[in-house]
Amino acid sequence: MTTRTWLKGNLHTHTTNSDGDESPQHVAEWYHEHGYDWLCLSDHNHLTILEGTKAERSKWPLLVAGEEVTSRNADGPVHVNGYGVTRVVEASDSPDIVTSMQENIDRIIAAGGMASINHPNFRWSFDDSEMLQAHGYQFMEVYNGHPYSQNRGGGGKASTDGIWDRLLSHGRRVWGIAVDDAHHYTGEFSSTRSNPGRGWVQVKAARLAQQDIYEAMSAGDFYASTGVTIGDMVSNTKEIRIDISPETSPNDGIQAKYTTLFTGQNGRLLYESTSNSPAYRPTRLDTYVRSTIYSSLGTQAWTQPVFVSD
Ligand SMILES: [Zn+2]
Ligand SMILES: [Zn+2]
């Protein structure tokens, strides 16, 4: 039997090939030095492929292909990441948000990739009502580390979690990812700048190879995180059980505490647990179940939905 392990990666970052402030080499080195196993350099409308010598590659995580297909002519920004694309995808220039979204998705798929809808709340561009009119995407950003991404919503605008729940409640099979969307690798690191290290995914794969990583993502074999680490996890229609790897706060060494919310149809709370091994058994009444783990340190993790009605 093959053993599969968690492999940490960031799916969204920029370099000097678009509007990032460091070279692809430097960006790759930053992620390697910070413990990432793999990385997608997703420049705006540019496919950044780094081919280094063996010595250079040893200083980088595994680099997987991706592009942020970026439409700027619509009524609001429509950015769709294409993972695993084999050529540059030209962004739609339609003025209509839904048309632009759908054209970007279709072009990503035609280029051999998988589509992910980025930061819906950036400039309050769109929400689930537009996303429900588009088809063919497998992922959405439930967390984006850019300071303009408005993940939490407010003032009548849904949070990215809320948008995700509405898609799932309409029967859509969409996985939620957390990403950096980093642009700033030099100068000060602060909450008002777009720095790396804020959001990532841990993918369960047998090999550190692009194909294995993207296949596991396509199957929903991963979780998204801004700091919470999961050890073991069982996730099927009979049982969802998570072993949280406890952390201590960096300065005083005090153990963090966790609250896990299991939610379902229409975002309804099904069960709340304060255990470090929270578990939930789906019932016949559930359509989908997903969990969000909140740490007292302010970080969180999102597990992928289980579709119970299958
Ligand atoms: Zn973007
Ligand atoms: Zn971006």
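Q: How do you know that strand 12 and strand 15 pair?
A: Strand 12 (residues 240–245) and strand 15 are joined by two bridges in the antiparallel sense. Two strands pair if DSSP finds at least two bridges between them, so this pair qualifies. In strand 15, Tyr280 is the bridge partner of Ile240. Strands here are DSSP runs of E with at least two residues, and helices are runs of H or I with at least four, numbered from the N terminus.

The model is predicted: local features need pLDDT of at least 70, side-chain atom pairs count only at pLDDT 80 or more, and totals for chains, interfaces and linings use all residues. Residues are numbered from 1 along each chain as its sequence is written, chains are lettered from A and ligands numbered from 1 in the order in which they are written, and side-chain values use heavy atoms, with hydrogens and water left out.

Q: What makes strand 11 and strand 15 edge strands?
A: The open sheet of three strands runs in the order 11-12-15 with antiparallel pairing. Strand 11 (229–235) and strand 15 (279–280) each have a single partner strand, so one side of each has no neighbour in the sheet.

Q: Which residues are the protein donors of the zinc ion (ligand 2)?
A: His12 (NE2), His14 (NE2), Glu68 (OE) and Asp181 (OD) lie 2.0 to 2.2 Å from the zinc ion (ligand 2). Donors are N, O and S atoms within 2.8 Å of the metal (3.2 Å for Na, K and Ca); water is not among the atoms, so sites may look incomplete.

Q: Why is the arrangement around the zinc ion (ligand 2) called irregular?
A: Its four donor atoms subtend angles of 82 to 169 degrees. Four donors count as tetrahedral if all angles lie between 85 and 135 degrees; four count as square planar and six as octahedral if opposite donors are over 155 degrees apart and all others between 65 and 115; anything else is irregular. The arrangement is therefore irregular.

Q: What does Glu68 bridge?
A: Glu68 bridges the zinc ion (ligand 2) and the zinc ion (ligand 1), which lie 3.4 Å apart.

Q: Why are His12 and Glu68 called buried?
A: Buried means under 20% relative accessible area, exposed over 50%, partly exposed in between (1.4 Å probe, protein chains only). His12 has 0% relative accessibility and therefore counts as buried; Glu68, also at 0%, is buried.

Q: What makes helix 5 mostly covered?
A: In helix 5 (residues 160–169), eight of the 10 residues are buried, among them Trp164 and Leu167.
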